[in-house]
Amino acid sequence: MAPASRTLEARLVPTLPPAARPAPSTGPGHTRPPTLEQRLLARRRATLAAERAARAAEPPRETAPMPDPTPVCCALALAATEALRGTRSVAQLARWVSPQVFEQLAGRTALTVRVLGRTAATRRPEILRVRVCRLGEHIAEAAVVVDDGTRVRAIALRLEMWRGAWRAVAFEIG
């Protein structure tokens, strides 16, 4: 048997007009990203607007002046001298000094009390002279001369503003 042949038929299809182009979408996800020039221009405009607003704004309010560090210097010098004599606990200074200064004071106080013992409190230490030099709005250095009854000591300290109060970050006792 001979294979059946299939015949192909050609069908004519009418031509259709070209499909209408859809209108471009206008949502946020269907926008073209800005060009580099457009981004630079927008940044310049924003910078100029911020400068104009800063010039037009009222002048900044003045902050309260920083307190005088002299009383803090005197109190710290007296307390440290009393701690060295053994009449005051070093822990009372922890709030007013940095952790590094506290460790130095605690070590020196422990050594002094162990070697010399606690001295009899004949009288309270007395400040003879104080010199305070402000290095900036938040930094001050001071030299204090203290008479503790048996010796006259020189104390140098550096104070920095920390959380609204003066705090010793360097402390040297002679």
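Let's start with Ser-98, which sits in the loop between H2 and H3. Those labels are DSSP runs counted from the N terminus: helices are H or I runs of at least four residues, and strands are E runs of at least two. Before I go on, this is a predicted model, so local features need pLDDT of at least 70, side-chain atom pairs count only at pLDDT 80 or more, and totals for chains, interfaces and linings use all residues. Residues are numbered from 1 along each chain as its sequence is written, and side-chain values use heavy atoms, with hydrogens and water left out.

Is Ser-98 buried or exposed? Ser-98 counts as buried because its relative accessibility is 2%. Buried means under 20% relative accessible area, exposed means over 50%, and partly exposed is in between, with a 1.4 Å probe and protein chains only. What does Ser-98 touch, leaving aside its neighbours within four places in sequence? Its contacts (heavy atoms within 4.5 Å) are Arg-167, Ala-168 and Val-169.

Now Pro-99, which is in helix H3. Pro-99 has 48% relative accessibility, so it counts as partly exposed.

Leu-116 counts as exposed because its relative accessibility is 66%. Together with Leu-111 and Val-115, Leu-116 makes a nonpolar surface patch of about 330 Å². For a patch, we take residues with over 30% relative accessible area and no salt bridge, joining like charges within 9 Å and nonpolar side chains (Val, Leu, Ile, Met, Phe, Trp, Tyr) within 5 Å. The areas come from the Shrake-Rupley method with a 1.4 Å probe, and for residues only the protein chains shown count as cover.

Okay, inside now. The largest nonpolar core has 25 residues, and Leu-76, Leu-105, Ile-155, Leu-157 and Phe-171 have the most contacts inside it. Helix H2 (70-85), helix H3 (99-116), strand S2 (139-147), strand S3 (152-162) and strand S4 (165-173) each supply at least two residues of this core. H2 gives the largest share, eight residues. By "core" I mean a set of buried Ala, Val, Leu, Ile, Met, Phe, Trp, Tyr and Cys residues joined through side-chain atoms within 4.5 Å. Click on Leu-157: not counting residues up to four places away in sequence, its contacts include Cys-73, Leu-76, Val-144 and Phe-171.

Next, the strands. Strand S1 (residues 126-134) pairs with S2 in the antiparallel sense over eight bridges, and pairing here means that DSSP finds at least two bridges between two strands. A hairpin of four residues joins S1 to S2. S2 also pairs with S3, again antiparallel, over nine bridges. That hairpin has four residues between the strands too, and Gly-149 in the turn has a positive phi of about 100°. Look at Val-145 in S2: Arg-129 stands opposite it, and its bridge partner in S3 is Ala-154.

Last topic, charges. Side chains of opposite charge can pair when their charged atoms come close. How many salt bridges are there? The count comes to seven, where a salt bridge is a side-chain nitrogen of Lys or Arg within 4 Å of a carboxyl oxygen of Asp or Glu.

Arg-123 forms a salt bridge with Glu-126, with the closest N and O atoms 3.5 Å apart. Arg-123 also meets Asp-147 in a salt bridge, at 2.8 Å from N to O. Asp-147 is at 17% relative accessible area, so it is buried.

One more pair: Arg-158 and Glu-141 form a salt bridge at 2.7 Å, N to O. Arg-158 lies in strand S3 and Glu-141 in strand S2, so this pair ties together parts that are 17 residues apart in sequence. Arg-158 is partly exposed, at 24%, and Glu-141 is also partly exposed, at 33%. Finally, salt bridges with shared partners join Glu-82, Arg-88 and Arg-124 into one network.
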